[in-house]
Amino acid sequence: MSELAIIGGTGLTSLKNLDITKREVVHTPYGEPSGPITHGVLSGKQVVFLARHGYGHTIPPHKINYRANLWALEHIGVKKIIAVAAVGGISEELKNGVLSVPNQIIDYTGAREHTFFEEGLSHVTHVDFTEPYSEDLRQLLLRGCQAAQLEVVPHGVYGCTQGPRLETAAEIDRMERDGCTLVGMTGMPEAALARELDMWYATCAVVVNKAAGRGTGPITMQEIEQTVKQGMDRVRLLLEHVVPML
Ligand code: HPA
């Protein structure tokens, strides 16, 4: 049984370096996950993989059933999650193609099913979320980057927006004043749900575009597509190095 899951985002709907052993359909009390869970072997270790946006990349960020995804992973025995996410770079150092392992989150999303603690509770539960990511898993990701000789920004504040539209330049200015260094649409409620289930969770973010107002003009899909491929090849290399360390 694998205790490690990799959740792939934009550009990572499959892992080329994963030897697939089976696919498992899991039904949950919260509805259907983004797809069947893929079991396989990566660098000699058993892992499971789930494509957050679906294997055909058809589910937009605000329609992802985060609760079903996290519940399904926990149900099959997963205890640690490496979440891969394509993001926009807000701070100067987060240039296209650079990896970052954020240590904080600010949630700007709304209208998403964001908690397991809703009904039938014997008492009201508030989980601690002071440090939203598992520091142990973050450090492992950073060691993996070192082993793979990949440049990485070892900290960052992930601002999670509702999407699916990109932000205005003024929204990004505000996020920067808030302290955000990168922006994405899927980090929440995923991280909080993992915490509610007491799972280790850390994100490997890949900068695929300059955030709104930080480049020379509008954000184009062409810019994103070009960078996604190169960035996700780096992520695959990182995973090959980090998985044996777990
Ligand atoms: N904004 C929000 N989410 C994103 C971006 C962005 O610029 N790039 C990739 N995901």
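The buried residues of helix α1 pack against β1 (4–8), β3 (37–42), β4 (45–51), β5 and α4 (190–196). Contact here means heavy atoms within 4.5 Å. Helices (H or I, at least four residues) and strands (E, at least two) are DSSP runs, numbered from the N terminus.

Before I go on, the ground rules. This is a predicted model, in which local features need pLDDT of at least 70 and side-chain atom pairs count only at pLDDT 80 or more, while totals for chains, interfaces and linings use all residues. Residues are numbered from 1 along each chain as its sequence is written, and side-chain values use heavy atoms, with hydrogens and water left out.

Back to α1, residues 66–75. Seven of its 10 residues are buried, so the helix is largely enclosed by the rest of the structure. Buried means under 20% relative accessible area, exposed over 50%, and partly exposed in between, with a 1.4 Å probe and protein chains only. The buried residues are Y66, R67, A68, N69, L70, A72 and L73. After the helix comes G77, with a positive phi near 105 degrees.

R67 belongs to this helix. R67 is buried, at a relative accessible area of 10%. Leaving out residues up to four places away in sequence, R67 touches Y30, E113, T115, F116, E118 and L193. For T115, 48 residues from R67 along the chain, the C-alpha separation is 7.4 Å.

Next, the cores. A nonpolar core is a set of buried Ala, Val, Leu, Ile, Met, Phe, Trp, Tyr and Cys residues joined through side-chain atoms within 4.5 Å. The largest has 36 residues, and I37, L70, L73, V78, I81 and M199 have the most contacts inside it. At least two residues of this core come from each of β1, β4, α1, β5, β9 (157–160), α4 and β11. A second, separate core has 32 residues, including L12, F49, L140 and V228. As for I81, its contacts beyond four places in sequence are A5, I7, L70, L73, L137, M199, W200, Y201 and A202.

Now S100, in strand β6 (residues 99–100). S100 is buried, with a relative accessible area of 0%. What lies close to its side chain? A polar atom of the S100 side chain is 3.2 Å from the backbone oxygen of V153, and one is 3.3 Å from the backbone oxygen of H155. Not counting residues up to four places away in sequence, S100 touches L94, V152, V153, H155, L182, T203, C204 and A205.

Last, the pockets. On a 1 Å grid over the protein atoms alone, a pocket is an open set of points where a 1.4 Å probe fits, with protein on both sides within 12 Å along at least five of seven lines; lining residues have an atom within 4 Å of a point. Volume is the space filled by probe spheres set on the points.

The largest pocket has a volume of about 490 Å³. It is lined by 25 residues, of which T10, A86, L166, M185 and I224 are the closest to its centre. β5 (80–89), β10 (182–184), β11 (200–210) and α5 (221–242) each supply at least two lining residues, and β5 gives the most, with four. By class, that lining has 14 nonpolar, nine polar and two charged residues. Ala, Val, Leu, Ile, Met, Phe, Trp, Tyr, Cys and Pro count as nonpolar, Asp, Glu, Lys and Arg as charged, and the others, Gly among them, as polar.

The second largest pocket holds about 170 Å³. Its lining divides into three nonpolar, three polar and four charged residues, and includes Y108, R165, E167 and R174.

Terms used. Polar contact = N/O pair within 3.5 Å; in protein donor to acceptor, adjacent residues only side chain to side chain.
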